[in-house]
Amino acid sequence: MPDSIESGFHNVRFPLALAAGARGGPERRTEVLTLASGREVRGAQWAGSRRRWDVGGAIDTLSKLHDVIAFFEARQGRLYAFRFRDPMDFSSVSPGAEVSAADQELGEGDGTQIRFALRKAYGDVWRAIGSAVVDTVRVAIDGVETTGWTIEGGEIVFAEPPAIGVSVTAGFEFDCVVRFESDRLEGVVEAFDIGRAVKIGLVEVAI
């Protein structure tokens with residue numbers, strides 16, 4: 001069931017069958033200033049990337065068009081965010097590989113810290129993971145998988161703090177939190193049982 005409407009977020013996932021053929025990916029905002037010399041000065045306006053998709057390509061029957069309209073109406077257009085599995089990037093490892101407790105480095109124990117934020121590395125850039133799929137999460141301390149933890153938001157919370165100097169790692173699948181890009185959803189019925197959506201834009205939102 002959806003979370004309370006006051007939260008602005010419904011804890012439901014956009015149906016995977018309606019997300020097939022999604023087009024999109026990460027977007028960054030960079031300001032580029034060209035000097036008189038021809039040299040450039042570049043500055044990042046966003047701390048991280050924001051993802052966008054068009055999922056309209058999967059809508060090819062009247063039944064699917066009905067289902068996406070129902071989902072859109074339940075979210076009241078742009079009003080309530082929801083979960084979406086990015087078909088190109090939804091795991092702590094590359095596509096096809098099995099999640100393991102050693103996939104991503106979360107930090108190092110200091111004997112007192114019990115909270116470690118879930119994150120994924122892209123080279124030297126880290127992405128915070130706020131919507132892990134709970135039943136896929138695996139956690140290890142110094143390479144030994146453990147069950148002495150819970151998840152609160154985007155953090156692993158240990159019952160006992162990891163010892164000084166030990167590595168804390170985790171593996172997981174995750175969703176993005178998104179909203180509809182528009183308050184309008186436009187569909188076309190082309191023939192009997194053949195329907196399509198002109199465009200269904202989804203935009204990642206901060207959580």
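**Exercise 1.** Find the volume of the second largest pocket and the residues closest to its centre.

*Solution.* Start with the volume: about 160 Å³. A pocket here is an open set of points on a 1 Å grid over the protein atoms alone, where a 1.4 Å probe fits, with protein on both sides within 12 Å along at least five of seven lines; lining residues have an atom within 4 Å of a point. Points are joined across faces, edges and corners, and the volume is the space filled by probe spheres set on them. Next, the lining: 11 residues, with S182, R184, K199, I200 and G201 closest to the centre. Last, sort by class: five nonpolar, two polar and four charged. Ala, Val, Leu, Ile, Met, Phe, Trp, Tyr, Cys and Pro count as nonpolar, Asp, Glu, Lys and Arg as charged, and the others, Gly among them, as polar.

A word on ground rules: this is a predicted model, where local features need pLDDT of at least 70, side-chain atom pairs count only at pLDDT 80 or more, and totals for chains, interfaces and linings use all residues. Residues are numbered from 1 along each chain as its sequence is written, and side-chain values use heavy atoms, leaving out hydrogens and water.

**Exercise 2.** Work out which residues lie nearest the centre of the largest pocket, and which strand gives the most to its lining.

*Solution.* First, the space: about 570 Å³. Among the 23 lining residues, S49, R51, R127, A128 and E204 lie nearest the centre. Then check the strands (DSSP E runs of at least two residues, numbered from the N terminus): β10 gives the most, with four residues.
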